[in-house]
Amino acid sequence: MQNDKLKNLVHLHFIVFVWGFTAILGKLITIDALPLVWYRMGIASILIILYVLVKKIRIKITKKTLITMFLGGIVVALHWVTFFIAIKVSNVSIALATLSIGAFFTAILEPIWYKRKIIKYEIFFGLLVIIGLYFIFRVDTSYLYGMILAAISAFLAATFSIINGKLVQKEKPSIIAMVELSTGVVFLSIYFLFTNTFKTEFFQISAKDWFYLFILSSICTAYAFIAAVKVMRFLTPYTVMLTTNLEPVYGILMALLLLGENEEINSMFYVGALIILATVVANGILKNRRKLKK
């Protein structure tokens, strides 16, 4: 069991690294955030449906579970929309760094959802992450709108993580991913129909954007989505959310390497990154000690 947890924790870190690259793609893709998320979820849905058909995975979902999946799909769609808008109006560094406060939200929401006592050190670690966030990026009021959107995205990510933490105990990750991503596409499509967004220019995508969209939808979404849900069978939503706080570290470093002068890193970035990394490691150690005591 311990080997399974270690294996899944290592796998989670790889998934988080892939997610860090998602923000870079979001910046490179030239279309607006809403159609970007629609195309991302749409292509990923098709890929996952093909996977389910090829693997001949049996689909048997209760009405209650299906409703929960629908809710999860809407939440993840809104999470990605707010996240990509935050990137567009600010930059990769700010959006990713602000996303770190998701661990704090999870520390509060998870005990309510699972009806357990609040673990004090989880709140403490969540606050530490916020301090790490402060060091990673000193607040610039000109980017306030982007930071607010990223904070909303972090709350939605925490909610989504908790919903799937429950679902994965009963359903296959591929089925959860298929239903939730398809729901997201339908949800956004309804919005586009009411706002008359589906026009000719909506479907005019450059070859370069199609290339980036396919990478985003296949590796960073279809694969990462199923894999992330799967590891939740072995790790708590809080641990998953806290570990994803390394996403800003990976993402900002990649932004520096790939986007050059478009992303600025101050000297205190390393202090903030070290605080977040230490928090993730400390959480893992304390979680293992509690399991051993039990």
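These legends describe close-up views of a predicted model. Residue numbers start from 1 along each chain as its sequence is written. Local features need pLDDT of at least 70, side-chain atom pairs count only at pLDDT 80 or more, and totals for chains, interfaces and linings use all residues, while side-chain values use heavy atoms, with hydrogens and water left out.

**View 1. The helical chain.**
The protein chain has 12 helices and zero strands. Helices (H or I, at least four residues) and strands (E, at least two) are DSSP runs, numbered from the N terminus. Along the sequence the pattern reads α-α-α-α-α-α-α-α-α-α-α-α. Of the 294 residues in the protein chain, 52% are buried. Buried means under 20% relative accessible area, exposed means over 50%, and partly exposed lies in between (1.4 Å probe, protein chains only).

On a 1 Å grid over the protein atoms alone, a cavity is a set of points where a 1.4 Å probe fits but cannot get out. Rolling a probe the size of a water molecule over the atoms shows where empty space is left. The largest cavity has a volume of about 420 Å³. A volume is the space filled by probe spheres set on the points, with grid points joined across faces, edges and corners. The lining holds 27 residues, and W19, H79, A157, F160 and E247 are the closest to the centre of the largest cavity. Lining residues have an atom within 4 Å of a point. Two or more lining residues come from each of α1, α3, α4 (92-99), α7 (144-167), α9, α10 (237-243) and α11 (247-259). Helix α9 gives the largest share, six residues. By class, the lining of the largest cavity has 17 nonpolar, eight polar and two charged residues. Here Ala, Val, Leu, Ile, Met, Phe, Trp, Tyr, Cys and Pro count as nonpolar, Asp, Glu, Lys and Arg as charged, and the others, Gly among them, as polar.

**View 2. The second largest pocket.**
The second largest pocket holds about 260 Å³ of space. A pocket is an open set of points with protein on both sides within 12 Å along at least five of seven lines. The lining consists of K64, T65, I67, T68, L71, W113, K166, L167, K170 and E171. Helices α3 and α7 are the elements that give two or more residues to this lining. The largest share, five residues, comes from α3. Four lining residues are nonpolar, two are polar and four are charged.

F14, F17, I219 and Y223 make a nonpolar surface patch of about 370 Å². Helices α1 (2-28) and α9 (207-231) each give two or more residues to the patch. Patches are made of residues with over 30% relative accessible area and no salt bridge; like charges are joined within 9 Å, and nonpolar side chains (Val, Leu, Ile, Met, Phe, Trp, Tyr) within 5 Å. A salt bridge is a side-chain nitrogen of Lys or Arg within 4 Å of a carboxyl oxygen of Asp or Glu. Accessible areas come from the Shrake-Rupley method with a 1.4 Å probe; for residues, only the protein chains shown count as cover. F14 sits in helix α1. F14 counts as partly exposed because its relative accessibility is 44%.

**View 3. Positive phi in two loops.**
Most residues other than glycine have a negative phi. K56 is not a glycine, yet has a positive phi of about 55°. K56 is in the loop between α2 (33-55) and α3 (63-89). With 74% relative accessibility, K56 counts as exposed. N196, also not a glycine, has a positive phi of about 55°. The loop between α8 (173-194) and α9 holds N196.

L9 is in helix α1. At 26% relative accessibility, L9 is partly exposed. L9 and T243 are 234 residues apart along the chain, and their C-alpha atoms are separated by 8.6 Å. A95 belongs to helix α4. A95 is buried because its relative accessible area is 0%. A224 lies in helix α9. A224 is buried, at 0% relative accessible area. A separation of 10.0 Å divides the C-alpha atoms of A224 and A177, which are 47 residues apart along the chain.
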